[in-house]
Amino acid sequence: MSADHLRLTGVTRIYPPVEGHGAVHALGPVDLALRQGEFFSVVGPSGCGKSTLLDVIAGLARASAGTIAFEGRTIAGEVPDGIGVVFQEDASFPWLSAFDNAAFALRRAGVPEAEVRERVTHTLNFMGLMSFAGAFPAQLSGGMRQRLCIARTLVTRPRLLLLDEPFGALDQQTRLLMGDELLKLWRETGATILLITHSLDEAALLSDRIGVMSARPGVFIDLVETGWPRQRDSRIVSQAAFGEVTGRLWAALRDQSIKALAMAS
Amino acid sequence: MTRAGWIRLFLIAAALCLLEAACRLGYVSRDAVIPPTVMLQGTWRAIASEEIRADVLLTLQNVLLSLGLSLVAGTAGGLLLHRTPRLRRALDPLLASYYAVPTFVFYPLFIVLFGLNRWPLVAIGFLFAVVAVIINTLDGLARIPRALVRTAAVMRLTRAQYFVHIILPAAAPWLFTGAKFAVAYSFIGVIAGEFVVSGAGMGHAIAFAYNSFDNRMMYGLIVLLFVLVGGINTLLWTWERRLYARLAGR
């Protein structure tokens, strides 16, 4: 692993005042450096700015202060090449078949059709969706639709994959299995992954490192190294060390969650 | 045909049979309403008449023009208002009360502006239809899931790609509703305009037959109008059902 695949320095996001509501300091200042090929998760209380952090990294929102560098190039409010994002909500295009969904970005980018077919077939096979290639999203389960969204992102071969609670709407068993799938594709693609999640178990299971954020404005208050080997799967939840990781996360988060709850009420 | 379709067909046939019997047996005065079979004879007479065919063609051209213009301008207007929330907030009350304004009062103004030709009628049909398209376009745009908008941004689509590949298909159900309203309102605007103030077209032919006590021709033309409007709406409805079936994964 090489250093600084993604580097955030003093990144801050302040939402400007809107119609009688004052400015909202949502995030930062945040400093963070992700290593090439690292699986990094962000946990924090509700409303702490986790998704804002992802938006700023993805170039979907502009940082009010600070700099973000991806592979040495500064991101300034535009989506850079090499970054893929999967959102919590179902973002599959309901009017396209699974195959056409997965091929969408490649076709818009003008990739030759033969290459589109090869890459989409490979990715759908990898995600276990090839037998549903002709199906429309409404014919797929929630978990399959989310896998389709991941497949649609993977075909573009992102070097940094940003995941905003992609399994948030799924039940616990499916989440564990999807976590296994995610670990498999992480190992195969070698991409750096930044996962936003509210689930401490999910973060502890999947990550090399976990950043714990404070209540708004979100800043990192702890960085937890899990120490898991690269070859791992959901069976590690039965290990004592897994409980220790989630215990440490909760110890760091508990006061912040209480604070966030008080701010919300 | 679906079960609902058969039931619909049966109800229409039953109503027509009832009207036929009521007219034939003298329960309804033939001065007011003629039997449906006689109406059909009038329709045939209308189709056979070169003059009436020219009227029908003129009306269809005017309707198509006002429909096309209202779809283009209404969609563009909806997009513009969606992108400029302040303008939308300013215009919302006007859009909400728009159909309280009798558009026909502008006919003299349109004659001054466009002259004595088809364009005043097209303008009335357009004014009738365009706001329905704007309102439905706004509704459709507001309902595009945020995740799709963000996905388009992540894929770095151009504006044209975003419009063609995301906005149009995602808002299609509402755009269809707007188009269906636009068909109905374009017909209403053009036919009513021809009926009251024009010297040609189907509306004028119906009015002429009415004033000449030619019930057979008047009802024949009304039946022809029903067939035309019904045909166009059935086409749209079929297209819309296919779209919904795809969205629902059937």
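In chain B of this predicted model, helices α5(B) and α6(B) cross in a right-handed sense. α5 covers residues 107-114 of chain B and α6 covers residues 119-142, and the two pack at an angle of about 130° with their axes 8 Å apart. On the α5(B) side the contact is made by Y107(B), F110(B), I111(B) and F114(B), and on the α6(B) side by W119(B), P120(B), A123(B) and I124(B). By class, the contact of α5(B) with α6(B) has eight nonpolar residues, no polar and no charged.

**Chain B: other helix pairs**

Chain B has ten helices and zero strands. Its pattern along the sequence is accordingly written α-α-α-α-α-α-α-α-α-α. The C-alpha trace of chain B spans about 70 × 50 × 30 Å along its principal axes.

α8(B) passes α9(B) in a right-handed crossing. From α8(B) the contact takes I191(B), A192(B), G193(B), E194(B) and F195(B); from α9(B) it takes M202(B), G203(B), H204(B), I206(B) and A207(B). The residues of the contact of α8(B) with α9(B) divide into six nonpolar, three polar and one charged.

| Helix pair | Axis angle | Axis distance |
|---|---|---|
| α5(B) and α6(B) | about 130° | 8 Å |

Chain B is divided into domain 1, residues 1-33, and domain 2, residues 37-247. The C-alpha centres of domain 1 of chain B and domain 2 of chain B are separated by 29 Å.

**Chain A**

Chain A contains seven helices and ten strands. The radius of gyration of chain A is 19 Å, close to the 18 Å that the globule rule gives for 265 residues, so chain A is as compact as a globular protein of that length. Its C-alpha trace spans about 50 × 45 × 40 Å along the principal axes.

Domain 1 of chain A is made of two segments, 1-82 and 158-248, while domain 2 of chain A is 90-157. Their C-alpha centres lie 24 Å apart. Ten residues of domain 1 of chain A are in contact with nine residues of domain 2 of chain A. On the domain 1 side, helix α5 of chain A, residues 172-189, gives the most, with four residues. That side of domain 1 of chain A has eight nonpolar, two polar and no charged residues.

Most residues other than glycine have a negative phi, and most peptide bonds are trans. The peptide bond from R216(A) to P217(A) is cis, with omega near -5°. P217(A) lies in the loop between β9 (209-213) and β10 (220-225) of chain A. E71(A), a residue other than glycine, has a positive phi, near 50°. E71(A) is in the loop between β4 (65-70) and β5 (73-74) of chain A.

**Where the chains meet**

Between the chains, 17 residues of chain B are in contact with 16 residues of chain A. On the chain B side, α7 (146-154), α8 (159-197) and α10 (215-247) each supply at least two residues. α7(B) gives the most, with six residues. By class, the side of chain B that touches chain A has ten nonpolar, four polar and three charged residues.

Conventions:
Residues are numbered from 1 along each chain as its sequence is written. Chains are lettered from A and ligands numbered from 1 in the order in which they are written. This is a predicted model: local features need pLDDT of at least 70, side-chain atom pairs count only at pLDDT 80 or more; totals for chains, interfaces and linings use all residues. Two residues are in contact if their C-beta atoms, placed from the backbone, lie within 7 Å. Ala, Val, Leu, Ile, Met, Phe, Trp, Tyr, Cys and Pro count as nonpolar, Asp, Glu, Lys and Arg as charged, and the others, Gly among them, as polar. Domain bounds come from an automatic or database domain assignment. A crossing is left-handed if the near helix is turned anticlockwise from the far one by less than a right angle, and right-handed if clockwise. The radius of gyration is taken over C-alpha atoms; the globule rule is 2.2 Å times the number of residues to the power 0.38. Axes are lines fitted to C-alpha atoms, for helices over the stretch in contact, and angles run from 0 to 180 degrees between N-to-C directions.
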